[in-house]
Amino acid sequence: MTTTCSHGVVSESWIDFFARDLDEEAGRRLEQLLFGCTHCAAEAERWGAVAGGAGMAIPPVITTDALRALQDRGELMNENVMQPDEHRRATFPDGGRLLIHRLRGLELTRADRVNLALSTPSGAPLVRFEDVPFDRDAGEVIIACQRHFGESFPEKIVFEIERCIVDQVGVVATYGVDHVY
Amino acid sequence: MAAAAVEHPSNAELAGRVQAGGAEADAAETEVCRRFLQRARLYGLRHLPSVTEAEDLAQRTMEIVLTALRSGRVDDPELLDRYVLGVCRNTAHAMRRSRERTAEAARQLALESAAAVEQPSEPPWGTQVVKLLTLCLGGLSRREQSVVQLSFSEWQSSAEIAEQLAVAPGNVRVIRHRALRKLRECMDRAGATS
């Protein structure tokens, strides 16, 4: 939904503002409103938190390129490489926030989309991510498990990979992980 | 009415209290920071290459503004908001020049520039916002995630993103608008941006 402030600034303009996608005149107008209008500043702050926070956040499922970028910037991480039906205990690095699960052994060459479902070992669903990034050639899905996930999820988690080919959806592999925070 | 005036002093009233010093000056300085620090951060987010530098800009700006207020060097205190914006512009310009000079010196010395920009340990919007956004990002499509990451982590232009994802630049904007609205809705459901 598009919302407006008292100066008629639509949400899309604040998004363009933080994406640096406005011409100079429009950008200067919004800068003046940011400093001179309390209502505008509040709206800008909400969009700024989303834009700036999203830039700092690491998505739960990442591409091979994104993993390489994290490694390049020196993120401390442990890697846990798994094959289908494996059950593994995996530990976060001391002082690090990332535990990378490399879910391999997947036949994804014909996949249109891949979904990821998390559940407990007893089968209780936790969360489901649709249309996640995957490496078609390597047959891999990379999960960037983050220390703070421990506040929302149990230690023992089953990852279920669904492959979608046209309108046919089927589970192709499961992986069990006991997280050690 | 009197109570409201005390709780929401005008910029000129705040400037006067800061310049006067004494018991009320500390509270007035705190209010100046509350009013403008976050706005300076947001300005920096638009103009500088990282959240770390945006935070640095905000801190430097507030130091300059408070110093100017204490010594009565703000010509028209009622227009304090424009003064702060001007300080932000000048400070950001100085920071960009400094970075360019450092990069040029490194180039001349044939040094490799730093591979990545350091991220602050504590995000200015609070750790909880970033934690929630991590999960909210999982609700975006692959393409939406890519546009968000390329826009706000790597600060690529719409044209650069369009080329990388093989879509029209106009579509990049549409995808970005949709993605951020989804993230904001996800955050609002969690009560994090209201």
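Me: How many residues does the largest nonpolar core have?
Reply: Happy to start there, with the reminder that this is a predicted model. Those with the most contacts inside the core include Leu34(A) and Phe159(A) from chain A, and Val84(B) and Leu133(B) from chain B. The size of this largest nonpolar core is 93 residues.

Me: Which helix gives the largest share of this core?
Reply: Look in chain A, at residues 38-56. That stretch contributes nine residues to the core. The helix is H3 of chain A.

Me: What does Leu183(B) touch, leaving out residues up to four places away in sequence?
Reply: Leu183(B) is among the residues with the most contacts inside the core. In chain B, Leu183(B) touches Leu133(B) and Cys136(B). From chain A, its partners are Val50(A) and Ala54(A).

Me: Where does the largest share of the side of chain A that touches chain B come from?
Reply: The contact takes 38 residues from chain A and 41 residues from chain B. On the side of chain A, helices H1, H2 and H3 each supply at least two residues. The largest share is 13 residues, and it comes from H3(A).

Me: Are H7(B) and H9(B) roughly parallel or roughly perpendicular?
Reply: Helix H7 spans residues 142-152 of chain B and helix H9 spans residues 169-189 of chain B, with their axes 9 Å apart. They pack at an angle of about 95 degrees. Angles of 65 to 115 degrees count as roughly perpendicular, so H7(B) and H9(B) are roughly perpendicular.

Me: How many residues of the contact of H7(B) with H9(B) are charged?
Reply: The contact includes Arg143(B) and Glu144(B) of H7(B), and Arg176(B) and Arg178(B) of H9(B). Five of the contact residues are nonpolar and one is polar. The charged ones number four.

Note on methods: Residues numbered from 1 in each chain as written. Chains lettered and ligands numbered in written order. Predicted model: local features only at pLDDT ≥ 70, side-chain atom pairs only at ≥ 80, totals over all residues. Axes fitted to C-alpha atoms, helices over the stretch in contact; angles between N-to-C directions. Helix = DSSP H or I, 4+ residues; strand = E, 2+ residues; numbered from the N terminus. Parallel < 35°, antiparallel > 145°, perpendicular 65-115°, else oblique. Contact = placed C-beta atoms within 7 Å. Nonpolar A, V, L, I, M, F, W, Y, C, P; charged D, E, K, R; others polar. Core = buried A, V, L, I, M, F, W, Y, C linked by C-beta atoms within 7 Å. Buried ≥ 20, exposed ≤ 12 C-beta atoms within 10 Å, placed from the backbone.
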